Structure formats: structure tokens, C-alpha cells
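Student: I have a structure open and would like to talk it through with you. Could we start with the metal site and then move on to the strands and pockets?

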Amino acid sequence: MKIDGRCHCGYIAYEAEIDPDKTLICNCTDCQTLSGSAFRVVAYTREDAFKLLTGELKIYVKIGESGNERPQSFCPECGTPIYATAAGEGPKVYSIRLGSVRQRDQIVPNVHVWFRSAQPWIAHIGSMRKIEKQPQIDKTGKVNLT
Ligand SMILES: [Zn+2]
Ligand SMILES: [Zn+2]
């Protein structure tokens, strides 16, 4: 499946070819911290099937639990995570961060990984009460979630 994406500020734009059947939710603690969220959704492409159209990515190299280096690319202007890959030479797999993909509403993850570190409420996420837009915060700073 052909996809394209961009960061929040628009400095980075890319296109890629992914296999939408191999999309997953990663619950590892590094994805929680690096995404600023409870989990991250990832789709895979290969180095030669990913084309950076505009901008220049910044790379942060994290060390995984395995001890391997995992370069994380992101927009240097707005911080949007774009993909992670392996260090060193050789044909590489890029794990694209689905939040930057324009077609993300058409791509459905089908497995959780690193579920041992998933937040305990993940299983109940579908049954939580839903507010269509921003919650109300009044001038005194009171948050209204009713
Ligand atoms: Zn940006
Ligand atoms: Zn992860």
C-alpha cells in the first residue's frame, strides 16, 4: 500500500510503501516516553521503499533492551517522530510512526507487542466515555469532563 505523510509543521514530507497487514501497537516503555503517550502505532517499510520528499530528519540514537542501537528520526522543527530503524550497514527496515501517515484512518493494527509493559487500562479503552472535542477548561483553570 502506498502511503504518504508529513510532520506537524510541514517541514518533513515523505512517501513509502507499507504492508498494512503488519501494523502493530507497541507498548514498550521507550515508545511511551518517546511518543509522549501510552503506546505507539507502527507500520513497516524498507529503506528503499521510503522516500524523503522535503526537509532533513534529525536522529536520536536510543539503546534498546537488547543493547542494540535504534536510531529514531524526527522533525528538528516540531519534534514529530517519523520512523526508527537499525544502526549500521545493510538493508534496513523502517518502522514508521503511524500518527504522521495521511492514510492512517485506513490502516488498522492487529497485534500488541511489548504487552508486558502496556498500561493496565489499555484493554478498556473502547468502553471509556467519549467527548467529541476538547474538554472545557474555564478561566479559573477548572477542567470539566462531564
Ligand atoms: Zn515538523
Ligand atoms: Zn516500542
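Student: What geometry does the site of the zinc ion (ligand 1) have?

Tutor: Bearing in mind that this is a predicted model, the site of the zinc ion (ligand 1) is tetrahedral, with angles of 106 to 112° among its 4 donor atoms.

Student: And which residues are the protein donors?

Tutor: The zinc ion (ligand 1) is held by the SG atoms of Cys7, Cys9, Cys75 and Cys78, which lie 2.3 to 2.4 Å from the ion. Along the chain, these donors follow the spacing C-x1-C-x65-C-x2-C.

Student: What does the pair Cys9 and Cys75 tie together?

Tutor: Cys9 lies in the loop between strand 1 (2-6) and strand 2 (13-17), while Cys75 lies in the loop between strand 7 (69-74) and strand 8 (81-84), so the pair ties together parts that are 66 residues apart in sequence.

Student: Cys75, then: buried or exposed?

Tutor: Cys75 is buried, because its relative accessible area is 0% and the cut-off for buried is under 20%. Cys9, on the other hand, is partly exposed, with a relative accessible area of 41%.

Student: Switching to the sheet, in what order do the 3 strands come?

Tutor: The 3 strands form an open sheet in the order 1-2-5, and their pairing is antiparallel. Strand 1 and strand 5 (50-54) are the edge strands, each pairing on one side only, and from one strand to the next the twist averages 20°.

Student: How many bridges are there between strand 2 and strand 5?

Tutor: There are 4 bridges between strand 2 and strand 5, which pair in the antiparallel sense. As one example to locate in the viewer, Tyr14 has Leu52 in strand 5 as its bridge partner.

Student: What about strand 7, how is it joined to strand 6?

Tutor: Strand 6 (residues 58-63) and strand 7 run antiparallel and are joined by 6 bridges, with Val61 standing opposite Pro71 in strand 7. Their hairpin has 5 residues between the strands, and Gly67 in that hairpin takes a positive phi near 95°.

Student: And which residue takes a positive phi in the hairpin of strand 7 and strand 8?

Tutor: That residue is Gly79, with a positive phi near 85°, in a hairpin that has 6 residues between the strands. Strand 7 and strand 8 also run antiparallel, joined by 3 bridges, and Phe74 stands opposite Pro81 in strand 8.

Student: New topic: how much space lies in the largest pocket?

Tutor: The largest pocket holds about 490 Å³ of space. It is lined by 24 residues, of which Cys26, Cys28, Lys62, Arg70 and Trp114 are the closest to its centre.

Student: Which elements give two or more residues to that lining?

Tutor: Those elements are strand 3 (23-26), helix 1 (29-35), strand 4 (40-46), strand 7 and strand 9 (93-97). Helix 1 gives the most to the lining, with 4 residues.

Student: Last one: where does Arg129 lie?

Tutor: Arg129 lies in the loop between strand 10 (111-113) and strand 11 (136-137), and at 61% relative accessibility Arg129 counts as exposed. The C-alpha atoms of Arg129 and Lys51 are separated by 40 Å, and the two residues are 78 residues apart along the chain.

Definitions and conventions. Residues are numbered from 1 along each chain as its sequence is written. Chains are lettered from A and ligands numbered from 1 in the order in which they are written. This is a predicted model: local features need pLDDT of at least 70, side-chain atom pairs count only at pLDDT 80 or more; totals for chains, interfaces and linings use all residues. Side-chain values use heavy atoms; hydrogens and water are left out. Donors are N, O and S atoms within 2.8 Å of the metal (3.2 Å for Na, K and Ca); water is not among the atoms, so sites may look incomplete. Four donors count as tetrahedral if all angles lie between 85 and 135 degrees; four count as square planar and six as octahedral if opposite donors are over 155 degrees apart and all others between 65 and 115; anything else is irregular. Buried means under 20% relative accessible area, exposed over 50%, partly exposed in between (1.4 Å probe, protein chains only). Two strands pair if DSSP finds at least two bridges between them. Axes are lines fitted to C-alpha atoms, for helices over the stretch in contact, and angles run from 0 to 180 degrees between N-to-C directions. On a 1 Å grid over the protein atoms alone, a cavity is a set of points where a 1.4 Å probe fits but cannot get out, and a pocket is an open set with protein on both sides within 12 Å along at least five of seven lines; lining residues have an atom within 4 Å of a point. Grid points are joined across faces, edges and corners, and a volume is the space filled by probe spheres set on the points.
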